[in-house]
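Work through the following exercises with the sequence and the model at hand, and try each task before reading its solution.

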Amino acid sequence: MRRSCPHTNSIPSSAVIRNGAEHLAGRRSWMLNSVKNAPSVLEDLLPIARAFEAPVIALAMDEETIPETADTRLRHCRAIRNHAQQHGIPDENLYFDPLVM
């Protein structure tokens, strides 16, 4: 039996992700990976996730660093969730990677 797993996209170019989303639309499920708490990332990628109803894997970090404390990581997760809600992405489409090391 063949199982279908969602394809994940974690390419930094929103144009490439949009092209991939258009190609995959209706063919197979996919997830947007590696969304960080950085304004440019959030504003470029969340509209694509919303347009294609794609789940989002959000990283508990800002544009450059993985925080040392759980509180700071949680703050990044909350900020990403707030932005996602503003873009109409439901909570059930958000998956958080706490980057445990």
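## Exercise 1: a strand pair

In β4, Asp-97 is the bridge partner of Leu-59. This is a predicted model, in which local features need pLDDT of at least 70, side-chain atom pairs count only at pLDDT 80 or more, and totals for chains, interfaces and linings use all residues. Residues are numbered from 1 along each chain as its sequence is written, and side-chain values use heavy atoms, with hydrogens and water left out.

Task: find how many bridges join strand β3 to strand β4, and in which direction the two run.

Solution. Begin with β3 at residues 56-62 and β4 at residues 94-97, which are joined by four bridges and run parallel; strands here are DSSP runs of E with at least two residues, and helices are runs of H or I with at least four, numbered from the N terminus. Two strands pair if DSSP finds at least two bridges between them.

## Exercise 2: two helix contacts

Task: describe how helix α2 packs against α3, and then how helix α1 packs against α2.

Solution. First, α2 (residues 39-51) and α3 pack at an angle of about 45°, with their axes 10 Å apart; axes are lines fitted to C-alpha atoms, for helices over the stretch in contact, and angles run from 0 to 180 degrees between N-to-C directions. The two helices α2 and α3 are therefore oblique to each other, since angles under 35 degrees count as roughly parallel, over 145 as roughly antiparallel, 65 to 115 as roughly perpendicular and the rest as oblique. Next, Leu-42, Glu-43 and Leu-46 in α2 meet Ile-80, His-83 and Ala-84 in α3, where contact means heavy atoms within 4.5 Å.

Finally, α1 (residues 14-24) and α2 pack at an angle of about 5°, with axes 10 Å apart, which makes α1 roughly parallel to α2.
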